[in-house]
Amino acid sequence: GRVPRLELLEPEYLTAKLDDYRRGIRPSGIMQQAVSLVPRAADADLARYLTSGTETPIAVDAGDAAMVKRGEALAKRGTRDLPACLACHAGGEDSKGPPIAGQPAGFLTVQMRLWRDEIYRSDALMQHAAEPLSDADIAALAAYFAQADPR
């Protein structure tokens with residue numbers, strides 16, 4: 001799938017993304033059109049509704065074990081100038097970005113490419129993190145996070 005599992009996201013994060021779509025900070029023809037039909041005052045209620053679904057396990061192809069292992073190593077690797085993916089996307093109160101464990105690999109692949117190819121530009125740290133990723137790196141990261149337990 002190429003669409004996110006919204007029940008894994010926090011309502012506050014989704015409210016912020018709805019606003020980003022509305023203001024054109026996060027480009028998406030489909031989402032920009034969709035949010036144009038929703039009054040801004042309804043964003044928080046809409047986000048709570050969309051994230052209130054039950055976390056249902058989704059069958060995930062574990063993929064090539066070597067690729068998942070490579071993705072895990074990439075997700076844990078950080079440098080002095082750039083934190084590891086898991087430093088921002090592991091979930092929990094200290095997380096700077098959305099938790100991405102359990103999201104579909106196709107969705108994660110598209111999102112990482114949008115960051116790497118500078119289509120998304122709203123977060124300098126994320127742009128910097130995605131810039132050096134090859135297609136193989138992205139595939140490995142997507143495989144790892146897709147099979148990771150979202151809890």
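Me: What makes up the largest nonpolar core, and which residues have the most contacts inside it?
Reply: In this predicted model, the largest nonpolar core has 18 residues, and those with the most contacts inside it are Ala-75, Leu-108, Met-112, Leu-133, Leu-141, Tyr-144 and Phe-145. Such a core is a set of buried Ala, Val, Leu, Ile, Met, Phe, Trp, Tyr and Cys residues joined through side-chain atoms within 4.5 Å, where buried means under 20% relative accessible area, exposed over 50% and partly exposed in between, with a 1.4 Å probe and protein chains only. Helices H4 (65-76), H6 (105-116) and H8 (135-147) each give two or more residues to this core, and the largest share, seven residues, comes from H8.

Me: Why is His-128 called partly exposed?
Reply: His-128 has a relative accessible area of 40%, so it is partly exposed. His-128 lies in helix H7 (residues 124-130); helices are DSSP runs of H or I with at least four residues, numbered from the N terminus.

Me: How do you know that the length of helix H1 agrees with its number of residues?
Reply: The expected span is 1.5 Å times one less than the number of residues, so the 13 residues of H1 (residues 11-23) should span 18 Å, and the end C-alpha atoms are 18 Å apart, which agrees. Just after H1, Gly-24 takes a positive phi of about 80°.

Notes: Residues numbered from 1 in each chain as written. Predicted model: local features only at pLDDT ≥ 70, side-chain atom pairs only at ≥ 80, totals over all residues. Heavy atoms only, no water.
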